[in-house]
Amino acid sequence: MSHISDPPVQRVTIPVLQRWKGEGRRVVMTTAYDAVTAHIAAPIVDIILVGDSVGNVCLGFGNTLPVSMAMMNHHLEAVARTKPHALLVADMPFLSFHLSPEETIRNAGGFLQRGADAVKLEGGAKRAEIVRALVDCEIPVMGHLGLTPQSVNVMGGFKVQGRNSDNALRLLDDAHRLQEAGCFALVLEGIPAELAARATESLTIPTIGIGAGPSCSGQVLVFHDVLGLTESRRPKFVRTYVEGFRLLQEALSRWAADVRTGAFPTPQESYRLPEGLSDAIANWAPSNPT
């Protein structure tokens with residue numbers, strides 16, 4: 001028997017997330033990139049992220065670096081039109097928060113004007129001043145530490161982070177620097193479970209894990225990974241709950257076969273002329289050209 005989670009009884013807001021952290025309630029977060037995925041996810045999850053992972057998942061890029069503000073705005077607007085009860089967070093793509101505080105504020109503020117409740121950006125202590133500038137403008141910020149996909153070239157690939165003493169201690173320090181700068185939550189990606197647990201217990205803000213073990217305040221997975229909608233190799237930390245790609249292909253194949261054999265459409269899937277019009281249609285002939 002399948003189980004659908006009971007929808008939260010209230011609109012999810014940042015103060016609600018802070019309260020849940022104190023209560024020990026785990027937060028559920030997934031991605032959405034269009035109205036369909038948002039409508040599916042919204043009754044179930046607490047946070048919807050319009051992620052720059054749209055580049056990998058929907059746009060055919062090998063990583064998130066080619067994703068632009070224009071692309072993110074397009075997908076954010078589609079999700080925001082569904083008016084989800086979940087907190088709606090938009091990813092700041094590569095180069096959207098690197099050049100100046102003024103441009104960062106303009107980009108992030110544009111997300112809020114398009115319906116986002118908050119923005120997410122990658123990086124540690126060196127992002128603290130940018131976070132402060134955004135928070136000073138009443139723009140809520142979610143941080144992102146560990147395996148930060150926009151740093152794929154520096155990291156030499158998508159590799160687990162925090163596996164040596166210096167990097168682990170730096171991540172803990174970064175987490176607290178971002179909290180002090182005003183982040184309301186942190187995504188911890190691709191780090192050892194013990195390190196994520198230490199960060200979570202030492203912070204007052206929620207942590208959202210992805211490949212960071214079970215001790216975080218909540219978990220996030222990409223929508224398409226949970227539902228098995230991609231053919232690509234899935235990371236170790238992904239648990240797929242249905243092989244959606246295969247199931248959808250099978251359904252589409254059945255429809256295509258019905259079209260080719262004439263089994264689709266049937267009279268039940270067709271419209272009929274009003275009574276009395278059939279004879280007029282049957283007796284019609286093209287007029288003679290002049």
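Helices (H or I, at least four residues) and strands (E, at least two) are DSSP runs, numbered from the N terminus. Ala38 sits in helix α2 (residues 35-41). The model is predicted: local features need pLDDT of at least 70, side-chain atom pairs count only at pLDDT 80 or more, and totals for chains, interfaces and linings use all residues. Residues are numbered from 1 along each chain as its sequence is written, and side-chain values use heavy atoms, with hydrogens and water left out.

**Overall shape**

The chain has twelve helices and eight strands. Its C-alpha atoms fill a box of roughly 85 × 45 × 40 Å along the principal axes. The radius of gyration, taken over C-alpha atoms, is 24 Å. A compact globule of 290 residues would have a value near 19 Å, by the rule of 2.2 Å times the number of residues to the power 0.38.

Of the 290 residues, 45% count as buried. Buried means under 20% relative accessible area, exposed over 50%, and partly exposed in between (1.4 Å probe, protein chains only). The accessible surface, by the Shrake-Rupley method with a 1.4 Å probe, comes to about 16100 Å². Carbon and sulfur atoms own 55% of that surface.

A contact means heavy atoms within 4.5 Å. Among contacts between residues at least 6 apart in sequence, 57% join residues at least 24 apart.

**Cores**

A nonpolar core is a set of buried Ala, Val, Leu, Ile, Met, Phe, Trp, Tyr and Cys residues joined through side-chain atoms within 4.5 Å. The largest one has 51 residues. Among those with the most contacts inside it are Ile48, Phe111, Leu121 and Leu188. Helix α8 (residues 165-181) gives the most to this core, with six residues. A second, separate core holds 21 residues, including Ile14, Val187, Val220 and Val238.

Ala38 is another buried residue, with a relative accessible area of 0%. Leaving aside neighbours within four places, Ala38 is in contact with Ala32, Ile48, Val79 and Thr82. Ala38 and Val79 are 41 residues apart in sequence, but 5.8 Å apart in space, C-alpha to C-alpha.

**Cysteines**

A disulfide is a pair of cysteine sulfur atoms within 2.5 Å. By this rule the count is zero. The sulfur of Cys137 lies 15 Å from the closest cysteine sulfur, in Cys183, so the gap is too far for a bond. Cys137 is partly exposed, at 38% relative accessibility. Cys58 is also partly exposed, at 37%.
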